[in-house]
Amino acid sequence: MSLVNFTTREITCKIVYYGPGRSGKTTNLHYIYGRVPDSRRGRMVSLATQTDRTLFFDFLPIDLGQISGFATRFQLYTVPGQVYYNATRRLVLQGADGVVFVADSQARQLDENLESLQNLQSNLLEHGVDIRTVPLVLQYNKQDLPRELILSASDLDDALNFRGVPSFSADALHGKGVFETLKGISELVLKRLAAGTTA
Amino acid sequence: MTTRAVENWTLEPLVKFVKEASARLVLVMTSAGQVLAQHGFSRAVDVMSAAALGAAIVASTDEIARQMGQPPFAALNHQGERHGIFLAAVATGRGRLVALVVYDLEVSSLGLVQLFFEQLAADLQAASPKDSVPKQVLAADFERELSASLNTLFGR
């Protein structure tokens, strides 16, 4: 849940990057970390295995600056995508103000995307949150791969975007779509705050 | 050393605890890792990393306890060469909070921290608001400022 301090006029929001293994969640955070000036970000914390697969989460705090007179900070988290780590994935979702679902655009990964989306729904429910109400955007990553290997954004919308939420084509490795995705989820999360409701 | 509270009701119990337990760093946070009060940290963003990690440790052990069919562990302690880390949860009117305490073994001890933590828990319980009503936060036209902030952040 967003933390709002009316005395010091500060807002802190938690955004979780969710999705199947190797879809590019950590890559999104690495790109953001590389682009944001030192003074506007904290240390990136990665709890990973020896082979650099996310074990628990990656964490990156960024300082958005003043919005409507509030110093606004976002805490970006990733979850481990591998099916095996569902217990830790569920823990990271706790208190999320918004979710970015990073889908792997490769055609052969469609089942993994669907499974991960269902897993998101069930893990949110465990926290008493209905997926239809949480601020959510979809990112179709790896759109830079050869056409014959991937599904188009339109095909992925048909398969995954049952809520009709904002969706973004991306090549997170090179930064394409990363900024637009962050902007998309930021708007949804802050819109909810502006409406005077919290997750 | 600076002591700072995001929610003011946490400040007095925290200041008292820091003095009595001679703690070096203290965080009081929600179970999701949102910081409510802190002592001893210099940069806000570093506080967030510590809070994320502390909340994750407590969440992991809570889950292990749940799978064992027992109530959550009351407290966790890790002792290093020079410093110790103490983590414990407190039930308050604001929900379940987590306290992370780092203490210097030359000036404090686990016993001292545990002793005064009980008082901190009682003080936080007594001081916590019983409910919170969501208030309007941002102006309706915040998108323009958000867009400008993100453009600056990404050097666009």
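Which residues have the most contacts inside the largest nonpolar core? They are Val16(A), Phe101(A), Leu27(B) and Ala99(B), and the core has 101 residues. Helix H2 (residues 44–67) of chain B supplies the largest share of this core, 9 residues. In soluble globular proteins, nonpolar side chains tend to be buried together. The model described here is predicted.

**Chain B**

Chain B contains 4 helices and 6 strands. Along the sequence, these elements follow the pattern β-α-β-β-α-β-β-β-α-α. The C-alpha trace of chain B spans about 50 × 35 × 30 Å along its principal axes. Chain B has 156 residues, of which 41% count as buried. Among contacts in chain B between residues at least 6 apart in sequence, 53% join residues at least 24 apart.

The 6 strands of an open sheet in chain B are arranged in the order E1-E3-E2-E6-E5-E4, with antiparallel pairing. Strand E1 (3–5) and strand E4 (75–79) of chain B are the edge strands, and each pairs on one side only. On average, neighbouring strands of this sheet are turned by 10° against each other, direction ignored. E1(B) and strand E3 (residues 35–39) of chain B run antiparallel and are joined by 3 bridges. Within this pair, Thr3(B) stands opposite His39(B) in E3(B).

Two helices of chain B can be described by the strands they meet. Helix H1 (residues 11–21) of chain B packs on the sheet and touches E1, strand E2 (23–30), E3 and strand E6 (95–104) of chain B. The direction of H1(B) makes about 150° with that of E2(B). Helix H3 (residues 110–127) of chain B lies across E2, E4, strand E5 (83–92) and E6 of chain B. H3(B) runs at about 25° to E5(B).

Which residues is Ala99(B) in contact with, leaving aside its neighbours within four places in sequence? They are Val26(B), Leu27(B), Val28(B), Ala88(B), Val90(B), Phe117(B) and Leu120(B).

**Where the chains meet**

In chain A, 43 residues are in contact with 34 residues of chain B. Several elements of chain A each supply at least two residues to the side that touches chain B, among them strand E1 (3–5), strand E2 (10–18), helix H2 (86–93) and helix H5 (178–194) of chain A. E4(A) gives the most to this side, with 9 residues. By class, the side of chain A that touches chain B has 20 nonpolar, 14 polar and 9 charged residues.

Most residues other than glycine have a negative phi.

| Residue | Phi |
|---|---|
| Arg22(A) | near 60° |
| Asp52(A) | about 65° |

Arg22(A) is found in the loop between E2 and helix H1 (25–35) of chain A. Asp52(A) is found in the loop between strand E3 (45–48) and E4 of chain A.

Asp52(A) counts as exposed because it has 9 C-beta neighbours inside 10 Å.

Technical notes:
Residues are numbered from 1 along each chain as its sequence is written. Chains are lettered from A and ligands numbered from 1 in the order in which they are written. This is a predicted model: local features need pLDDT of at least 70, side-chain atom pairs count only at pLDDT 80 or more; totals for chains, interfaces and linings use all residues. Two strands pair if DSSP finds at least two bridges between them. Axes are lines fitted to C-alpha atoms, for helices over the stretch in contact, and angles run from 0 to 180 degrees between N-to-C directions. Two residues are in contact if their C-beta atoms, placed from the backbone, lie within 7 Å. Ala, Val, Leu, Ile, Met, Phe, Trp, Tyr, Cys and Pro count as nonpolar, Asp, Glu, Lys and Arg as charged, and the others, Gly among them, as polar. A residue is buried if 20 or more other C-beta atoms lie within 10 Å of its own, exposed if 12 or fewer, and partly exposed in between; C-beta atoms are placed from the backbone. A nonpolar core is a set of buried Ala, Val, Leu, Ile, Met, Phe, Trp, Tyr and Cys residues joined through C-beta atoms within 7 Å.
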